[in-house]
Structures are given as structure tokens and as C-alpha cells.
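Hi,

Here is the structure I said I'd pass on.

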Amino acid sequence: MAESKTFHTESADETNRFGIKLGKRLMAGSVVALSGGLGAGKTTFTQGIAVGLGINERVTSPTYTLVNEYDITSPHETELDRLIHIDSYRLGESYDDALSEAETFGMEELLDDHNAIIVIEWAERLRPVLPSDHLWITLKTTGSDGASRELVFDATGPHSLSILHQL
């Protein structure tokens, strides 16, 4: 039960707006795994997700802190209370090293938080611990201007498929 869709954006602002669109559709317990090279737009996209969730704080990449949490105070589903933004770029190079380091900040417990939405940048480093139902998004720069993006969405279960069908 998997499905893919590809979307295109022509600017950072449009990538952000697409994140807003996704953020408005996410439900408590959603896990969004982001993959893409440096400058692919992962943080810009996550900032849009936060806006879509009603978060007014400035969302920054947790490259050095590894995890940032943002309270969701706007009216949303009653059980949805926060966005957990994880950046695994600085975790170990191998799966084993990355997973071992992720244990130090409670990665598995974070993934079990069904009142939150989890967004993981550089998710390929943590793929073995992702829940079976997650939304995997690969961001790629396209075109010579460096501003255009291809966003490939892969839904892996009923929860993520439902979200993908709303886009």
C-alpha cells in the first residue's frame, strides 16, 4: 500500500507555500521524512509546514541542536499539541552510528508521540526506525536558476496515503 506523486515549485516562496498546504492537512501522529541535498529546500518546506499548523515562531534548522519543538497554539485537532523538528545531518555516517546517536535524544520516544507531528530532515540516516506509515518527501533542485524544486512524495500507509490524496 504505497503511492507516489511528484510536484514542482518554481521558487523558495512556492516551496514554502506548498509546505503550508501540507501542514494544514497533517494530523496528530504524522511523520514527515525529508530527504535531499544541501540547499534542496528542506528547512524552507518545514517552515511552511509550521505556518500551516498555525505556529507563529520562527522555525530554524536544528542542525546543531538536533531537535527543536514548537507548540501548536492555534485551533487544530484537540490532541495535536506540537511540531517536533529533527535534523539528523550531524548524526553518524552509518545507520548504526546514526541510530546509536539518535537514542541519546530519545528518537524512538519522539516517534511514539501521537500528539505531535514529526518532521525529520536528512531522514535517510534514520530510515530503519521510521514507522511503517510515514510520508517520505524527496526534494531536488531543478533547472539552472537553483530556485525550482521537484518534490517527490511517497506515502507508505493509510495515514500518509490519506494526506497525499488531499494534496
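Below are some notes on a helix pair and on the aromatic rings.

First, the ground rules: this is a predicted model, where local features need pLDDT of at least 70 and side-chain atom pairs count only at pLDDT 80 or more, while totals for chains, interfaces and linings use all residues. Numbering starts from 1 along each chain as its sequence is written, and side-chain values use heavy atoms, with hydrogens and water left out.

Helix H1 (residues 12–23) packs against helix H2 (residues 42–53) at about 40°, their axes 6 Å apart. Helices are DSSP runs of H or I with at least four residues, strands are E runs of at least two, and both are numbered from the N terminus. Axes are lines fitted to C-alpha atoms, for helices over the stretch in contact, and angles run from 0 to 180 degrees between N-to-C directions.

Now the rings. The whole structure holds 4 aromatic pairs. Rings of Phe, Tyr and Trp (its six-membered ring) pair if their centres lie within 6.5 Å; planes under 30 degrees apart are stacked, over 60 edge-to-face, and the rest tilted. One of the pairs is Phe 18 with Phe 153, edge-to-face at 5.7 Å centre to centre and 65° between the planes. Phe 18 sits in H1 and Phe 153 in strand E7 (residues 148–155), so this pair ties together parts 135 residues apart in sequence. Phe 45 also pairs edge-to-face with Phe 153, at 6.3 Å and 75°. That links H2 to E7, 108 residues apart. Phe 7, Phe 18, Phe 45 and Phe 153 form one aromatic cluster.

Cheers
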